[in-house]
Structure formats: structure tokens, C-alpha cells
Amino acid sequence: AGDRVMRVNDTLISGVKMSQSEVMKRLRGPRGTKVRLALGRMGIEQPVEVVITRDAIPLHSVEASLMLTRDVGFIKLSQFSRTSFSEVTAAIDTLRRQGMRSLIFDLRGNAGGFLDQAILIANEFLPENSLIVYTEDRFGQQIKEYSRGNGNSAELEIAILVDETSASSSEILAGAIRDNDR
């Protein structure tokens, strides 16, 4: 954290007018190929040279999953990505095996993401036919999303943490849990 990319291979990118897309073009390449970077690091005068092998970068949305006490689990969800639902349910399963009976679900700093993942996660905690969210078009037509009642955590005590930067899908999930008295 805090490193600054100064050079990609032999091209200076720091302090020159270069678009972000141009920088990304230089960083990206076929999997398995190498790219040489010079990094500016706080407290070190000379650039730090590193060679990185290009590959797919998996983005995980469950940042942390742990037991706080013998029966209280904690999950930190950083974003709603394509894999959030499966990551959250896997984390819940792991925490249950460790004795979890109550969950603190941390959405602080989560600016949102895929709405379908928020709906799937809300379904995990809600009984059947609970309103999760509705959208309304300019003609007043509403599309309502209800829980299916097939979630495995409807009996689990849950507290959701949000802050001023929790937005979008985070607000929908937190609101659905609150509005349904969970």
C-alpha cells in the first residue's frame, strides 16, 4: 500500500502526461508474461525494482470471516461482486461449524455492486415472501423482489454495520433486513 508505479518496463509513466488507459495498456498482457516495474516507496530514495508475472487477479468480496467470541461470528463484505453470495454462504457455513449462533455483518465502506447478489444474500436471512426491494419505472410500474424462504440463515441473529460510505446494494441489504425486523 502506498507504492507508486513510476516505470513500466523501460517507459517512464510518473510525472508525464499519460492517460490511465495508456498506463493500463502497458501493464496488461498475456497471462504468464512478465512486466518489470519501478516503484516509488515512502522512505526509500531509489525506486524499488520488481518483476511481476501477469495473470488473472481474483477479486474476493469477503474481506474477513472470523469468530469474535465462541458464538459470535463476523463477516466483512467489501463489495457486491459476481461471487459475493457464494463467498458469504461459504463463510457462514465455516463460522457455523465453529459454533456461530449470531453474526455481525460489516458493510461499512461497501459502496455496492451487483444488485442480484444483495438480493440473494438478503434471501439467506429472511423468511418466505419478505419484500427485499422494489424498483419503479417512470410509468409507475413496480418490480418487487421477495425472499423465497429457502435461505439457511433465517433463524440466525444478525447485526449489520453500515456507515456514510455504505451505498447502493449495501443499503438495499441493510434496509431489507431492518424493514423485515431481522
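Guide: The largest nonpolar core has 26 residues. Those with the most contacts inside it are Ile-75, Leu-77, Leu-103, Phe-105, Ile-121, Phe-125 and Leu-173. Here a nonpolar core is a set of buried Ala, Val, Leu, Ile, Met, Phe, Trp, Tyr and Cys residues joined through side-chain atoms within 4.5 Å. Buried means under 20% relative accessible area, exposed over 50%, and partly exposed in between (1.4 Å probe, protein chains only).

At least two residues of this core come from each of strand S5 (62-67), strand S6 (72-77), H2, strand S7 (102-106), H3, S8 and H4. Helices (H or I, at least four residues) and strands (E, at least two) are DSSP runs, numbered from the N terminus. H3 gives the most to this core: five residues.

A word on the basis. This is a predicted model, in which local features need pLDDT of at least 70 and side-chain atom pairs count only at pLDDT 80 or more, while totals for chains, interfaces and linings use all residues. Residues are numbered from 1 along each chain as its sequence is written, and side-chain values use heavy atoms, with hydrogens and water left out.

Now H3 itself, residues 115-125. Eight of its eleven residues are buried, so helix H3 is largely enclosed by the rest of the structure. The buried ones are Gln-117, Ala-118, Ile-119, Ile-121, Ala-122, Asn-123, Glu-124 and Phe-125.

Leu-173 ties in here. It touches Ala-118, Ile-121 and Ala-122, among others. Its contacts (heavy atoms within 4.5 Å) also include Phe-80, Phe-105, Leu-107 and Ile-160, not counting residues up to four places away in sequence.

A second, separate core has seven residues, including Ile-13, Val-35, Leu-39 and Val-48. In soluble globular proteins, nonpolar side chains tend to be buried together.

Next, the loops. Most residues other than glycine have a negative phi. Asn-129 is not a glycine, yet its phi is positive, about 65 degrees. Asn-129 lies in the loop between H3 and strand S8 (131-136). It is exposed, because its relative accessible area is 56%. Ser-168, also not a glycine, has a positive phi of about 55 degrees. Its loop runs between strand S10 (157-161) and helix H4 (169-179). Ser-168 is partly exposed, at 34% relative accessible area.

Last, helix H2 (residues 84-97), which holds Thr-94. Thr-94 counts as partly exposed, at 31% relative accessibility. Thr-94 and Leu-66 are 28 residues apart in sequence and 9.0 Å apart in space, C-alpha to C-alpha.
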